[in-house]
Amino acid sequence: QVQLVESGGGLVQSGGSLRLACAASGFTLLDYAIGWFRQAPGKEREGVSCLSNGDSRTYYARSVEGRFTISRDSATNTVYLQMNNLRPEDTAVYYCAASPAYYCSPHGSTYWGQGTQVTVSS
C-alpha cells in the first residue's frame, strides 16, 4: 500500500527546534519530488520546502530559508525537515507530499500525509 506518514510535531518554545519525518511506504521517494507544506488556521496552504525529483535540489520558502533544512535518508525511505530557530508564526499543521514531477506543487502531488501539528509558543 502507498502511504506517507508524518511525525515529529509538537509544542516548542520560540527559538527551539523540531525535526519532522515523512516516512514512505509502497513507493520509493527517490522517484518523486518531496515537499513540505503547512497550513495555519485562517491562512492559505503554504509551500515550505521541496526536494526535487532526480537531482535532489533543495528549495525553501523565503520565510524559512536559513532556518529549515530538508533532507532524505534513502536507506529508510524517509524525508526529514529540520526546523531550527522556530517562531510563533511557524505554528501550523505540516504535511509532506510526493509528486512525480520535477518540482513540488500542491496540485501535482499524488500522495499526501495526514499532517503533524507544530505549535511554537512565544
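Residues are numbered from 1 along each chain as its sequence is written, and side-chain values use heavy atoms, with hydrogens and water left out. Because the model is predicted, local features need pLDDT of at least 70 and side-chain atom pairs count only at pLDDT 80 or more, whereas totals for chains, interfaces and linings use all residues.

Strands are DSSP runs (E, at least two residues) numbered from the N terminus, and two strands are taken to pair if DSSP finds at least two bridges between them. An open sheet is made of 4 strands in the order 1-3-8-7, and the pairing in this sheet is antiparallel. Its edges are formed by strand 1 (3-7) and strand 7 (68-73), each of which pairs on one side only. On average, neighbouring strands of the sheet are turned by 15° against each other, direction ignored; the axes behind this value are lines fitted to C-alpha atoms, and angles run from 0 to 180 degrees between N-to-C directions. Strand 1 is joined to strand 3 (residues 18-25) by 5 bridges, and the two run antiparallel. Within this pair, Q3 has S25 of strand 3 as its bridge partner.

Strand 4 (residues 33-39) takes part in two further pairings.

Strand 5 continues the pairing to strand 6 (residues 58-60), to which 3 bridges join it in an antiparallel manner.

Strand 9 (92-99) is largely enclosed by the rest of the structure, because 7 of its 8 residues are buried. Here buried means under 20% relative accessible area, exposed means over 50%, and partly exposed lies in between (1.4 Å probe, protein chains only).

The whole structure contains 4 salt bridges, a salt bridge being a side-chain nitrogen of Lys or Arg within 4 Å of a carboxyl oxygen of Asp or Glu. R38 forms one with E46, with the closest N and O atoms 2.9 Å apart. R38 also forms one with D90, where the closest N and O atoms are 2.9 Å apart. The latter pair links distant parts of the chain: D90 lies in the loop between strand 8 (78-83) and strand 9, R38 lies in strand 4, and the two are 52 residues apart. R38 is buried at 6% relative accessible area, and D90 is buried at 1%, whereas E46 is partly exposed at 27%. Together with R67, the residues R38, E46 and D90 are linked in a network of salt bridges. R57 forms a salt bridge with D55, the closest N and O atoms being 3.4 Å apart. In this pair R57 is exposed, with a relative accessible area of 52%, and D55 is partly exposed at 38%.

S109 is placed in the loop between strand 9 and strand 10, and is buried, with a relative accessible area of 11%. A polar atom of the S109 side chain lies 2.7 Å from the backbone oxygen of S105. With neighbours within four places in sequence left aside, S109 is in contact with F37, A97, A98 and S99, where contact means heavy atoms within 4.5 Å.

How values were computed
A polar contact is a pair of N or O atoms within 3.5 Å; within protein, one must be able to donate a hydrogen and the other to accept it, and residues adjacent in sequence count only if both atoms are side-chain atoms.
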